[in-house]
Structures are given as C-alpha cells and as structure tokens.
Amino acid sequence: MAISRRFFLKGLAASSAAALIGQSVLVRSAQAATVSSAGTWRTAGSHWGAMKALVKGGVVEQIKPFERDKYPSDMLNGIKGLIYNPSRIRYPMARLDWLKNREHSDRKQRGDNRFVRVTWDEALDLFYEELERVQTTYGPSGLYAGATGWRQTGQFHSCGSHMQRGVNLHGNFVDKVGDYSTGAGQVILPYVMGSTEVYDQGTSWPLILEHSDTIVLWANDLYKNLQVGWNCETHGSYEYLAELKDKIASGDITVISVDPVQSKTQQYLNCEQQYINPQSDVAFMLALAHTLYTEQLHDEPFLNTYTLGFEPFMAYVLGNADDQLEKTPEWAMPICGVDAERIREFARLLASGRTQIIFGWAIQRQQHGEQPYWAGAVLAAMLGQIGLPGGGISYAHHYSGIGIPPRAPVYRGVSKKLRARKRA
C-alpha cells in the first residue's frame, strides 16, 4: 500500500503525543508532590525500585528510596548521574560521511564518532527517505526493526515500541523471536517441560522455606539480581532471603551455590559454594545422573509415569550409545573440576530429602546453552519431586519478584460468582 510522507509523519506525531499525554496524566496521579521552599519532592519508579526525587528549578538535586521499600537497591544512587550523563544524546545527529554519501558512505568509518547535528525536520526526512529506499530496493526482508529490550518502566516510555509503531506506519519488516535474556531457555523448555518456564511464577518462597531440605542455586545470584525487575521492583523477595539465611544458620535448610565464583548471595546467606569450571555444568550433571541411576537413588515410578525418553538418555550416560563413553564421576572430574567422590556425595545429598533446584539465566547464554537447562530438568525428574512443595526445578526465582505469593486472586469477583453458582 502506498503511503505518503505526510501521513507517515502524522501517525508518528499522534503516537508521540499519546505517549506524552499519557505520561503527564500518570505522573500527576502518582506523584502527590510535596512542595516547599527547598524544592519539590516527586515520586517516580524504575527497574531498580520506587524513589523520591528532589527537583529544584527543573533539575534533580537528590534521589532517595521510596519510604515503603524495606530493601532499596543501591543502584538508585546512579539515577542522578544517568539523567545528566554527558554521553546522553540530546538532539538528532547523523554520521558525517553517511550524511554526504548516504548508502555509498565508507562503512569502515563506523564508530569514529564523527557525527553532526541535524534538525528534527531533517532527521524525519532522512528516516523516511531511508525507509523508502530500503523497502523499494529490497522489500521488507531488507529492514530489521526487531531490536527491543530494556526500557524505562511503563509502556509510555518504551522506545522500542514507539520505533516499531513508526516503522509499521510505513510497511513490514524483519522482527525477532525471543529475547537475549533467556533465548536458549525459552526455545528448549517448551519441548522439555511444556512451558517456557523462564518467566513463569515458580514455587512460592513460603513453600520452599517450609518444605525444602536442600536448595541448589545453580549459576544464580539471587541477592544481586533481585534488585532489578521488569516493572518497578518492590524488593519483596529479600524478606524471604532473610528468612532463608536464618534457616541456614539454624541448620534447617542446606543451600549450595554451584558457581565458578563466590556470589553475593553466597556471601549474604553464608552458604556453601560448589566450585565448578566455567561452562562444564552438563558434564557435572551427567555424572550426577550416572550416580543417581547406578546407586538406585532415582524415582523410577515418577519417570515411568511422567516422562518420555529416559531410556535413550540413560543409554547415553551409561556408554551404550554411539560414543561408547560412560559418563562416570571419574570421566566428569577433569572436565568440571569436581572430585569424583564429591560428585557422588552431591548426588546422594540431592536424593536424601526434598530438593529445590533454582537455575539462573546466565548459564544458557552460551553456545549450546539449551543443554544445561535440559540436563537440569532431567536431574529434577530423576529425583521425582517436580510438582511437590519445596521440590523440583525453577528457572526464574532471581528476577522480578518471581516466587512472591500473589496478595489476592486476580479474578476475585469472577471467583465469587463461580463459587456461588456452584453452591446453587
């Protein structure tokens, strides 16, 4: 469909205006600003939590945490520097050689920072002209506009969304699938667990604290990562981490951090660390599976009832597959850096009581990153505790308050009606 520059820019303007109007309405309703001779305190939110900002003459003078946040993040201290950072782009700019030669410019000069300022009208003209050139010459396959990701909280501040709305006014483009945070995990897990898992709610912290005997934090730094959330983080998870710390001290729960480095979580909880060579997790897991099977510590009824494919997996672990290589603890020891007898002790600990395995996302951000998530699910299935309170496996407890119980049913009104109808 042919579209004029005037219609394209008109749509962009309408989208931008909606964002600005919506933002001002939201700000006015949420701020409840306190005005004094010393300035105005305004309430705002970020991925690092809610905050108060002291504004004088249009300039942010001070940032402090929102008073109801019991566990505010120190990352809020960087907000002021972020606002007034000299590296921020304050107006439209174009690379000099591209401005002179367009698509025939010297691409080797990319990154040399020779940019010149242009007006907004010039920038919009350049943007529209390039969309016309690419779409006409190459079609939608020549235009990638799928770069979305981190943004300020709230859809009105989503730069990626506004960019895609603008490009959509002109025509189609190549989008992306998944995201860089959990790319391998969200592709493999639907075939293994029936869900992406990486953004699911997971077992609630009260159930874990009540029922778990052992918690394995596999490549997961809860204390560091829970500072951040997709929306305005409330930091409610730290209350459960404090309770977990007490249970570790009293001996009620054993927590092991499987990690090449000493994490902030390990230091905070004062829990055990199991060192492992970087990117050798799957070898470690295969040796654990070998021990669970050969010492008959696995849950065979669970595997027979709830899983498919265990037989060919064990054939591979026992060396009966094509490679004819048995994945014993002795085989894994030089790969993962964990002593063979320690591998056996670790497997026995997992099977000795209720075990919750909690993975982080970093472990799947590597070549063949789907493998550790897949092998972790196999271990949890062999233990037979998936679905039990305080047992099984999760892939997201380190992010955005996952594991905090909902405070009220989402569809409370509907639930009341259904219960009344059932009684009738």
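User: R95 is buried yet has no salt bridge; which side chain of opposite charge is nearest?
Analyst: In this predicted model, R95 is found in strand β5, which covers residues 93–95. R95 is buried and forms no salt bridge. A salt bridge needs the charged atoms within 4 Å, and the nearest side chain of opposite charge lies 4.6 Å away; it belongs to D97.

User: How many salt bridges does the structure hold?
Analyst: Side chains of opposite charge can pair when their charged atoms come close. One of the pairs here is R342 with E272, at 2.9 Å from N to O. The total for the structure is 11.

User: How many residues apart are R342 and E272?
Analyst: R342 sits in helix α15 (residues 340–351). E272 is in strand β9 (residues 272–274), and E272 is partly exposed, at 37% relative accessibility. The pair links distant parts of the chain, and the separation is 70 residues.

User: Is K327, the salt-bridge partner of D323, buried or exposed?
Analyst: The side chains of D323 and K327 meet at 3.0 Å, N to O. D323 has a relative accessible area of 37% and is partly exposed. Buried means under 20%, and K327 has a relative accessible area of 0%, so K327 is buried.

User: Which parts does the salt bridge between E330 and R344 tie together?
Analyst: The two side chains, E330 and R344, meet at 3.0 Å, N to O. E330 and R344 are 14 residues apart in sequence, and each lies in a helix, so the pair ties together helix α14 (residues 329–336) and helix α15.

User: Which residues are closest to the centre of the second largest pocket?
Analyst: This pocket has a volume of about 760 Å³. Of the 33 residues that line it, the closest to the centre are N225, W361, A362, R365 and H398.

User: How many charged residues are in the lining of the second largest pocket?
Analyst: The lining can be split by class. It has 15 nonpolar and 11 polar residues. The number of charged residues is 7.

How values were computed. Residues numbered from 1 in each chain as written. Predicted model: local features only at pLDDT ≥ 70, side-chain atom pairs only at ≥ 80, totals over all residues. Heavy atoms only, no water. Helix = DSSP H or I, 4+ residues; strand = E, 2+ residues; numbered from the N terminus. Buried < 20%, exposed > 50% of the residue type's maximum accessible area, 1.4 Å probe, protein only. 1 Å grid on protein atoms, 1.4 Å probe; cavity = no way out; pocket = protein on both sides within 12 Å on 5 of 7 lines; lining within 4 Å. Points joined across faces, edges and corners; volume = space filled by probe spheres on them. Nonpolar A, V, L, I, M, F, W, Y, C, P; charged D, E, K, R; others polar. Lys, Arg positive; Asp, Glu negative; His and termini not counted.
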